[in-house]
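Please read the following report alongside the sequence and the model, and follow each element in the display as it comes up.

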Amino acid sequence: MTDVNQASGAKNYPAIEHPARVVAVRQLNEDNFMLTLAAADIARRAEPGQFIDIESSTFLRRPLGIASVDHEAGTFDIGIQVKGEGTKSLAKLEVGAVRSVLGPLGQGFDLKQASRFLVVGGGTGVYPLLYVLEELKRRKVERAAAFGFRSPKHFILEEAFHTASSFTAFSSESGDSAIEGNVMSAVFSVLTESKLFDGIDKAACAVLACGPHPMLRAVAAWAQEEGVSCQISLEERMACGIGYCRTCSCQAKHGPGPDDWNYERVCIEGPVFPAERVFFE
Amino acid sequence: MIYHERTLADLSVTVGTVNLQNPLIAASGCFGFGREAAKFLDLSELGGIAAKAVTREARCGNEPPRVAETASGMLNAVGLQNPGIDRYLQEELPFMEENGVFIIQNIAGNTVEDYVELARRLQPTSVPVLEMNLSCPNVKHGLSFGADPALVLEVTRAVRRVWDRPLWVKLTPNITSIIEAADAAKSGGADAVSLINTVLGMAIDINSRRPVIRNNTGGLSGPAIKPIALRMVSEIYRNVEIPIVGMGGISSAADVVEFLMAGASAVQIGTANLIHPTAMKDILSNLRKWLAENEIATVRELSGSLMLW
């Protein structure tokens, strides 16, 4: 991790805190915004599923998934859903503003686990999945994506997802879209249309999911039934994002017994975990 | 800006018989055992690390959510998650030794015997300073030791019998008279008191009608508690003859100077690290600049220099 400077003998430490300049702000729907930030070091190192921790108007930083990266421009995108004061202040940032950002942070998705990926998301969980799909496209890996939202007015980034994935399905629980029901309706629809897993060895298939807990539970249960491996990205209330404070913990199994679990940090050991290690109460 | 060698202030301090190369110590619970911070800064350049509280048995900690943001601060209820003394001795202590850390090892327990046993296990190690956490308000064992001066006296005296190196007692602000608590620590044989630990508090989610953190209550830290901490440091400085390690919301070099002026010999920095991973390094360099700009030769001369009205 650290290099020794030959000339001085002093250790060089990689910077963790970066000044990031806002280069674009886009409103996606009523309460969702996309910020493009310039911080070349983060853009260069960011892997799909990792997150950043950005200074906001309130005391703590806001952890947000990396939604897209432009390596040439040295920029990356983050999606923001306005929930409180902190996220509101971020959505109101103007082009040119500079904010302190920590990152890239955490363990991302393992994209070498399989050769075909079904990407499943809902709510703000869809943001990091855009970067996942873009990276899979760049690597020419077979993929399909299914998203669940409350109603069509909550859909976000439809165009970007269609560009990143040849097969994409959006479902809404309100019933006024093409696919009615929860995210599993979108999963079945896109699998039928794409034939992504048809006749393929299960070991070559994997599911990558990010979204609300009930959704993750349903996706993980289905993947287990199908015998397909599943990685899920978790969210938890977080203070530092770098492993110092031990507040963003989640129960993670390390063995088959009922007591074989520990609290692990979403920020360091996660946010992505193999689904079979996670408890869904 | 360039400062000449002769204008560089002497940053070293002493806390009783403990010599520190500078007054900045990482506060217990906000820095683990330094493993994560070692990626971003040189641990041997800090005044010391008050390493995360260790208990006799491993503790998995509280159910999440464990943190809530508040005005100018945060509440936490981690629940003393730590690997227990056995694994600490095998894994964490060697890590800190290898990285040249000046170790102030924090210990916590539910009974007097717990503290005594921990001190006994640490006595044969290289750990130079023990800090007794009597105040963590999060673990459900009824009243904390720190809230009752008689208990502070009893547990300090018991540990003193088995620990022959410097002993610091970390005081809780959740008490009517901090002076009585400091007096009790001194009578029990403490070499210094460190204060303040977090202030017991609550945050509420009006939509769910539930406390934000699963433990219901948590410890408040950050700039929100700095005035409380300064008042308590100043009170002890004027009323009890014992070295003080001050803490509570320190996030700048000016904050460090305030605590030293109020009577602290050294300070601990906790929550600031959670916002800026290299906060301690930055504060140290700004402290150096401030001393040079103000032509102060030694940081020690600031201690207790506050002039009350």
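Just after helix α8 of chain B, B:E295 adopts a positive phi of about 50°. Helices here are DSSP runs of H or I with at least four residues, strands are DSSP runs of E with at least two, and both are numbered from the N terminus. The model is predicted, so local features are given only at pLDDT of at least 70 and side-chain atom pairs count only at pLDDT 80 or more, whereas totals for chains, interfaces and linings use all residues. Residues are numbered from 1 along each chain as its sequence is written, chains are lettered from A and ligands numbered from 1 in the order in which they are written, and side-chain values use heavy atoms, with hydrogens and water left out.

Helix α8(B) itself covers residues 279-293, and its 15 residues reach 21 Å from the first C-alpha to the last, close to the 21 Å expected at 1.5 Å a residue; the expected span is 1.5 Å times one less than the number of residues. Its buried residues are B:A279, B:M280, B:I283, B:L284, B:L287, B:L291 and B:A292, where buried means under 20% relative accessible area, exposed over 50% and partly exposed in between, with a 1.4 Å probe and protein chains only. These buried residues pack against β3 (24-26), α6 (253-262), β16 (266-269) and α7 (271-275) of chain B, a contact being heavy atoms within 4.5 Å.

Helix α8(B) also takes part in a pocket: α8, β4 (48-54), β6 (73-76), β16 and α7 of chain B each supply at least two residues of the lining of the second largest pocket. This pocket has a volume of about 630 Å³, and of its 45 lining residues B:S28, B:C30, B:T198, B:S221 and B:T271 lie nearest its centre. On a 1 Å grid over the protein atoms alone, a pocket is an open set of points where a 1.4 Å probe fits, with protein on both sides within 12 Å along at least five of seven lines, and lining residues have an atom within 4 Å of a point.

Strand β6(B) pairs with β14 (residues 218-221) of chain B in the antiparallel sense over three bridges, and B:L75 stands opposite B:L220 in β14(B). Two strands count as paired if DSSP finds at least two bridges between them. Strand β14(B) is also joined by three bridges, again antiparallel, to β11 (residues 199-201) of chain B, with B:G219 as the bridge partner of B:L200.

Elsewhere in chain B, B:V233 lies in helix α5 (residues 226-239) and is buried, its relative accessible area being 0%. Setting aside residues up to four places away in sequence, B:V233 touches B:L195, B:I244, B:G246, B:F259, B:A262, B:G263 and B:A264.

In chain A, a closed barrel of six strands runs β3-β4-β7-β6-β5-β8 with antiparallel pairing.

| Strand pair in chain A | Bridges |
|---|---|
| β3 (residues 17-29) and β4(A) | seven bridges |
| β4(A) and β7 (residues 75-81) | seven bridges |
| β6 (residues 62-70) and β7(A) | four bridges |

Strand β4 (residues 32-38) of chain A has seven of its seven residues buried, with A:N32, A:M34, A:T36 and A:A38 on one side and A:F33, A:L35 and A:L37 on the other. Strands β3(A) and β4(A) form a hairpin with two residues between them, and A:R21 stands opposite A:A38.

Strands β9 (residues 116-122) and β10 (residues 142-149) of chain A pair in the parallel sense over seven bridges, with A:R143 as the bridge partner of A:F117.

Conventions:
Points joined across faces, edges and corners; volume = space filled by probe spheres on them.
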